[in-house]
Amino acid sequence: MPGFTHLHTVSGFSLRYGASHPERLAERASERGLDALALTDRDTLAGAVRFTKACAKAGVRPLFGVELAVAELEPVRREKRRAPVRGGIFIDESTPRVTFLARDGAHGWADLCRIVTAAQAAGESPPLLPWNDNRGAGLTVLLGPDSDVGRALAAGRPDRAAKLLAPWREVYGDALRLETVWHGRKGTGPGSLRLAARTVGFAAEQRVRPVLSNAVRYADPGQGPVADVLDAARRLVPVDPTKGLDSGEAWLKDAGAMLHTAERIVEAAGYRRDTAHRLLEQTQATAAECLVDPEDDLGIGTVHFPEPHLVGAGRRTAQRTLASRAAAGMVLRGYSEKRAYWERMHRELDIIAHHGFASYFLTVAQVVDDVRKMGIRVAARGSGAGSLVNHLLGIAHADPVEHGLLMERFLSKRRLVLPDIDIDVESARRLEVYRAIIGRFGTERVATVAMPETYRVRHAIRDVGAALSMDPADIDRIAKSFPHIRARDARAALDELPELRQLAGEKEKYGRLWELTEALDALPRGVAMHPCGVLLSDASLLSRTPVMPTSGEGFPMSQFDKDDVEDLGLLKLDVLGVRMQSAMAHAVAEMERATGERVDLDAVPPGDPATYQLIRSTETLGCFQIESPGQRDLVGRLQPATFHDLVVDISLFRPGPVAADMVRPFIAARHGRAPVRYPHPDLEGPLKETYGVVVFHEQIIDIVHIMTGCGRDEADRVRRGLSDPESQGRIRVWFAQHAAAKGYEAETIRRTWEIVEAFGSYGFCKAHAVAFAVPTYQSAWLKAHHPAAFYAGLLTHDPGMYPKRLLLADARRRGVPILPLDVNKSGVAHRIELVSESGDSQRVWGLRLALSDVHGISEAEAARIADGQPYASLLDFWERARPSRPLAQRLAQVGALDAFGANRRDLQLHLTELHRGARGAGGGQLPLDGGRKTAPAGLPDLSSAERLSAELGVLSMDASRNLMDDHRAFLDELGVVSARRLRDARHGETVLVAGAKAATQTPPIRSGKRVIFSTLDDGTGLVDLAFFDDSHDACAHTVFHSWLLLVRGVVQRRGPRSLSVVGAAAWNLAELVELRAEGGLDVVAARLAEPLPEAGGDPTRGRRIQMPTGYEMHPWADLRPAGEEPAKTRKLWHQSPGSAG
Amino acid sequence: MTILCVRFQLPPMHEAALPGLLGLLEEFTPVVEALPPDGALADLHGAERYFGRDAVALASVIRVRSLALYGVDCAIGAGPGPMLARVALGDARPGVTCAVPEDAVGEFLADRPVTALPGVGTATARTLCEYGLDTLGRVAAAPLSTLQRLVGAKTGRELHEKANGVDRGRVVPNAVSRSLVTERPFTRDELDPDRHRRALLSAAEELGARLRALDKVCRTLTLTVRYADLPHSRTGSSGGTSISTTRTRTLGEPTAHSVALTKAAYGMYEALGLQRARVRALVLRAEGLDPAEQASHQLTFDPLDEKARRIEEVADRARAKFGPHAVMPGSLAA
């Protein structure tokens, strides 16, 4: 029996079409005895690399192809249908589709990339291959049931099919095949036996070779319903069981089943049964012709840098250019007298030459130079900061020799992987940087990297629910109850998570929802531009990767994701947009605008006492890297006093060191509570700076190097091996042997190994930490010395983890006056304003809120309002700023128009009439009184609560006062302890705390338990809460889904400034406030008297996820929890009936 | 304290019982105004003296009789004028008659939401609430000119008077002029135009049959399409009413003829041009009902129309004899 090769197989990368991952297809092919398998995804080659790797693992030969919609030679006229009043038009999928296979090695692959790029070029949806681009000498074409020829046959028009075949034959000649498919359908449509037989007959008549395929959409039988859901999600219609369900046959059948299919088809076509072998042979022969080798033809494993002449090398070689630029840098930076620097530079240049990476360094240097010329803040991060050459070229700021950073951590002769240098730029100007890079190297060499968006549980539930015609309100509620977990965990989460208990009760009601939701797990559902990767290559880029335009900016984007491009040997430069850089740039610009003096952040005095005092006070909200609750706790215990302390602090606050509990011994040693110990006096050098505790990668490299004398490059390789338990054993033996050979005692070796082993691969690259600590110090310095400008920058660029309203509360606490929105004074961005001046040193700067924070304002509107300032009257404002009516109403609600007289509601009425008048209804009475002020209309003004509600609704911030202030009386009745008073609370005291939730996390922690960490803001400060798993049944749902919380808990103290409350019970404060207002304290008491849900046992029954680093993780930790993001909360706890808008 | 507003608790689709219930009220007073589908206003000016009881006491009598005779419970509001009686009905429950105190009308209205007033629909209420006029007390306090600027001159004046308790309305006796409604829900989100048309056909057939049974003709036909989607603003919360599209068409001549009704319904449906809309229900409503004998009919030379009417007549008789499903259009029989 001949074998069989599926020439037409799609994976999940065919968005909302294929139901199986490429890995699964390769596995199944291998299991079912198929020797080769083609991947022909719709409109994309994005799955090719993963497919290749999976095939290599499964022992299957991969074939590459793509299925594209092809423009018809003579465009058909379509009747124009009336635009629907509701629901939108049908997704048009009527264009014929054809399968292309790469046949001829690298040419075939290049042709494939080219036609995909051509089809995607117009940016239409779905992509369409213009007929003029429909050619390629290295391609084989399969005309199947969905092609124009197949459709003519289905319509019973062989004459027309013959006519349509002619142009195909003209272009592809002998490489044309007719694809026949039988899915057991009735009639003559695609998948029917009659069409399959007609195709075979037509092929014989036209002397075109037929091939058999199964048009595979999923790997296993029984996945038909998943295909139905995907169809529904793609077409945006519900599944209609009365028509058009998937046949369930489009799975990866084995050779026997396909032989049976072939027999049925040839018999139906009127041939003898053994003709089926001929059909299979033709299929096999076609597969055998398609020879694309992953290594040679796709370019996996080779590197392509931009041509040297583009990066300033001129006619010299890249290496010589690099050497001379580095030498120039030595002189420029004043190192030319220092021998050690020269030696290190030459050593590094040797390594670079060894790998031939000189063009790479020049490329990055070129990009950094260009960015800097544009006036954009730029900094290198990552291990690249450890290279002196990078420093000399101006890529990295910090001097690696001074900070003891090692080149070997970045690149060595023994490291074969591509080094990567990441650069940080201002987030607001990231796209400008992209444009500059594209402008410098040209679109044929530059592409951004794709990032597939895959189905997780919430999207899966929404799409499946819509396909199953479920009630949209139900879908919404179910989807929102889930934390952001994988779709395949949906049922497990229902069984195990306490906050889903209520939903689990109605689980049965939704039938197949859960099963189908899980089946969508991790399938790509869209593709976006990766936020930071940029591909740089030589001019051959477009023949190695398919490129499509990004939807928003129209940048060229490779269809491969960041892992794929590394495998393909494409050089990726990570350009990260860092909001903090933008925020600091804005702060500096504001200070210059307001005061005329320019602060150079890169030259702020090091070791500023006020800055370190601020950091030690743990009021570090908004400071880069040290603002999270965990970091504030750590900073409180560590009490940093120098830049080096900050570097250590940032390195310690990583999952690894926290899990390995390196924090406690370090802090004990630092404060002198424990002696500093070294395993051997030789190791004092590398370990002294961190009191004998290993914190940095560089220290491990040094320890291994000192103990074994193996050289630092080898030591770095050893360090990488530590994370893998298998190689760890081997390294241990090797380490013991070599250390003994150097004459160390067995005891010393044992103790050193313990340290090295415990450290594992955790810890942090010091080069990275140094690069991080610079903006940390700079932001803290700004906060200490120029708070108003600092908050203006923060609020404008919104970095960090906290909602804006919390930053505003912090500003208020630090005594920065908050000035309300005012159309005559506010700018597009947040600004600073002089509030009072008494003597030169006593200037108080206030923060003026920005127009851009108004809900629904467009950039153009904000700019127009700001440009037209000042306005004399409401009419003047209306006529010159031309705001839209809703925007003007919102501005009135938050008091931005208060300067024009009258109360806010009267203003709204005037605006409505101005709007009516503008539409030509003819103005009745003039709403203005005396030209400037607006006449009152006698409407009731907004009440104080309504104003606050409007501020939250329009600005997402409680701008005039803290929203908790309104509840102060009730909280006093309850005996709630404020955050300020909590600082004096005793360890172990039971307290009540309350506030608005700011951030909630369930990070992975050492004990392997799920702990909910939350931060409350009550206007006087922040309260950090922790809920351990014994309280989850009682609290989890309330904590995740309420915004205002009342919590009973026990105070935990770990240091003078380190304090948290361990929650035991939680209530929705908004509900209690309402009960208090309606029914008085007795009703509140009744609510508090309701029993809390009983704590059950551990529903996961001790199930833990074993992390590769050795420690255990709770299966549901480390997820984004359910509930609204506090940053998105725009509603007050209740909407009073009279509230505006 | 002489006007009653009665709402009978009729099960849905039992509007046909309303005329009988109105007859019950007419035993007390000839001045009865029907408020379809399930309510009525009754002016008891003369009745109070005749029966020797005040309106609130009579309300109890009405309720007892309604329960005894028809098995239908009712809620009753009482007030000095029809508007106030209707407002009072909002607070009434079966057995608890709510009466507006004649001397404290202002206080009675003050705390009520604006929607409590008859004639204030969602649109007006939204406008008023936007400007902080969410209770009748606040509306009453607002200057008349401001109200008129908000909602227009006439509505503003009426609103101002009503909010101040000035009730100029009278009970106007009318025949039961009401509408007939029929709904065709779907079990899933339905996109198929064929099934939509079948639902419309069966709804129009039913309406026609019911109209003819009542000897009525209708002047206008209204199509409401309900969708599965939630209004955009409500997707955030769990719940909310689904959105819908409504179209009304005035018929060429008042008719109860199923074919004419079907044609009008199809016309409205086609004009929507629906493609991907997830339809959950189609509702057809016949409005402007008049007695059939008053209807005019344009004769034509085309015998088809005449034939269709005769077939319909025969079909009606067959249905009367053998049940409603005895005769139906072929496309519905499948």
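Reader: Which residues are buried in α3(B)?

Author: This is a predicted model. In α3(B), the buried residues are B:Ala55, B:Leu58, B:Ala59, B:Ile62, B:Arg63 and B:Ser66.

Reader: Why do they line one face of the helix?

Author: Looking down the axis of α3(B), the buried residues fall within an arc of 145 degrees, so they line one face of the helix. An α-helix has 3.6 residues a turn, so residues three or four places apart point the same way.

Reader: What is on the other side of α3(B)?

Author: B:Ala57, B:Val64 and B:Ala68 are there, and they are exposed.

Reader: And what covers the buried residues?

Author: The cover of α3(B) includes β1 (3–8), α1 (18–26), α2 (45–51) and β4 (74–79) of chain B.

Reader: How many residues does the helix have, and what is its reach?

Author: Helix α3 of chain B covers residues 55–70, which is 16 residues. From first C-alpha to last it reaches 21 Å, close to the 22 Å expected at 1.5 Å a residue.

Reader: What comes just after α3(B)?

Author: B:Gly71, with a positive phi of about 70 degrees.

Reader: Zooming out, how many helices and strands does chain B have?

Author: Chain B has 13 helices and 9 strands. Its C-alpha trace spans about 65 × 50 × 40 Å along the principal axes. Of its 334 residues, 37% count as buried.

Reader: What about contacts in chain B between residues at least 6 apart in sequence?

Author: Of those, 64% join residues at least 24 apart.

Reader: Switching to chain A. Where is A:Gly184?

Author: A:Gly184 sits in the loop between β6 (176–180) and α6 (193–206) of chain A.

Reader: Is A:Gly184 buried or exposed?

Author: Exposed: A:Gly184 has 12 other C-beta atoms within 10 Å, and a residue counts as exposed at 12 or fewer.

Reader: What is A:Gly184 in contact with, leaving aside neighbours within four places in sequence?

Author: A:Ser247 and A:Glu249. A:Ser247 is 63 residues away from A:Gly184 along the chain, with their C-alpha atoms separated by 7.2 Å.

Reader: What is the strand order in the open sheet of 3 strands in chain A?

Author: The order is β15-β17-β16, with mixed pairing. β15 (818–819) and β16 (831–836) of chain A stand at the edges with a single partner strand each, so one side of each is left without a neighbour in the sheet.

Reader: In which sense do β15(A) and β17 pair?

Author: Parallel, over 2 bridges, with β17 of chain A covering residues 844–848. A:Ile818 has A:Leu847 as its bridge partner in β17(A).

Reader: What does UniProt place at residues 5–72 of chain A?

Author: The unreviewed UniProt entry gives "domain: Polymerase/histidinol phosphatase N-terminal" there. In the model, residues 5–72 of chain A are 31% helix and 25% strand, and the end C-alpha atoms lie 29 Å apart.

Terms used
Residues are numbered from 1 along each chain as its sequence is written. Chains are lettered from A and ligands numbered from 1 in the order in which they are written. This is a predicted model: local features need pLDDT of at least 70, side-chain atom pairs count only at pLDDT 80 or more; totals for chains, interfaces and linings use all residues. Two strands pair if DSSP finds at least two bridges between them. Helices (H or I, at least four residues) and strands (E, at least two) are DSSP runs, numbered from the N terminus. UniProt positions are given in the numbering used here, feature names are shortened, and annotations may be inferred rather than shown by experiment. The expected span of a helix is 1.5 Å times one less than its number of residues. A residue is buried if 20 or more other C-beta atoms lie within 10 Å of its own, exposed if 12 or fewer, and partly exposed in between; C-beta atoms are placed from the backbone. The arc is that of the directions from the helix axis to the C-beta atoms. Two residues are in contact if their C-beta atoms, placed from the backbone, lie within 7 Å.
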